[in-house]
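Dear colleague,

I am handing over the structure below, followed by my notes on what was found in it. Please read the notes with the coordinates open beside them.

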Amino acid sequence: RCKNLSVSFWNSYWMLPSDVCGMNCFWEAAFRYDYMKTHPSEKMHLAVVACGERLEETVTMLRSAVIFSIKPLQFHIFAEDQLHESFKDILDDLPYEGKVNYTLYPITFPTESAAEWKKLFKPCASQRLFLPLILKDVDSLLYVDTDILFLRPVDDIWSFLGKFNSTQIAAMAPEHEEPRIGWYNRFARHPYYGITGINSGVMLMNMTRIRRKYFKNDMTPVRLQWGEILMPLLKKYKLNITWGDQDLLNIMFFHNPESLYVFPCQWNYRPDHCIYGSNCKEAEEEGIFILHGNRGVYHDDKQPTFRAVYEAIKNYSFGDDLVRSLLQPLELELRKTMHTYCGKVYKVFIKQLTKSIRDLYARRSKGR
């Protein structure tokens, strides 16, 4: 009975007009496609840093980016040397249809302080701080953690670059929507951005602007450039920071708030948005755009709703029908999680995914 209900639900949903996410979605889509129309040949650059046991998780993230994206993708994969061959074997075997290239890089930090940077927070995580200095020829970049899943095209978050004003150099989402459960506003022993801080798991950067900017700081009256400010910040705050490089970014944007574009929570949706009750209103209205399974929730039984989405994308075979092979089985698995707080709002996990699949098939039909 549940299976028949599920198929019926999806078949009826599939026929809905494109107002599924309301007028806000309409205007957002209009802006997005206008931006893509004026930047037709632009390649999107996506960076990730993988160390330890993060190979499978990273590949699953990259697969999710490939499924829906429209413009060409360039992956910049920073990984420990022993992972390079495995990445090559897997990525070379995926059917990209000519729209993806990738480059593998070693993990590298400034020579004089490499050991200190590498052990900061999780292994290799602080590599992201040095991307503007390493990828000198890349103008703009989307950095994501390995535990990210794209539920709509990368093109959509990439289009935020066109919304930056003249002072903004990067975009991130708040660390929390609800101050009562916020970490920074309750426990931080250092400056942080805004009311609840920012989360660096999804970070869109205009790296040309980052390299050119001189940053205000609390170490010297002289403004410092990106390559000059990182080590002094670490030396000043290393005994006061808990979340490593993310804390350093919070300190930097506390002193330079005009430089940050803040995007809504559905672009970086984490367990904290539902485990204590739903507190991401944008996701409730439009669905989750980017899922962030931090704290290892893709690999344990603590948050089965997050794990179900991860397993569905990991196990999807390119070329199979996305509705029957991914969406319908996922919806059935999500129904099994309704005993959890996140499971109670499981429809936000598939609302945008449904639309992304429908849009993908519409584009393919037009291209024939």
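The crossing of α10 and α11 is right-handed, meaning that the near helix is turned clockwise from the far one by less than a right angle; helices here are DSSP runs of H or I with at least four residues, strands are runs of E with at least two, and both are numbered from the N terminus. This is a predicted model, in which local features need pLDDT of at least 70 and side-chain atom pairs count only at pLDDT 80 or more, while totals for chains, interfaces and linings use all residues. Residues are numbered from 1 along each chain as its sequence is written, and side-chain values use heavy atoms, with hydrogens and water left out.

Helix α10 covers residues 226-237 and helix α11 residues 245-255, and the two pack at an angle of about 110° with their axes 11 Å apart (axes are lines fitted to C-alpha atoms over the stretch in contact, and angles run from 0 to 180 degrees between N-to-C directions). That makes α10 roughly perpendicular to α11, a term that covers 65 to 115 degrees. On the α10 side the contact (heavy atoms within 4.5 Å) is made by W226, I229, L230, L233, L234 and Y237, and on the α11 side by L248, L249, I251 and M252. These residues divide into ten nonpolar, no polar and no charged, where Ala, Val, Leu, Ile, Met, Phe, Trp, Tyr, Cys and Pro count as nonpolar, Asp, Glu, Lys and Arg as charged, and the others, Gly among them, as polar.

Leaving aside neighbours within four places in sequence, L141 is in contact with residues including H45, H76, L131, W158 and M205.

For the chain as a whole, 56% of the 368 residues count as buried (under 20% relative accessible area with a 1.4 Å probe, protein chains only), and there are 16 helices and eleven strands.

With kind regards

Definitions and conventions. Parallel < 35°, antiparallel > 145°, perpendicular 65-115°, else oblique. Buried < 20%, exposed > 50% of the residue type's maximum accessible area, 1.4 Å probe, protein only.
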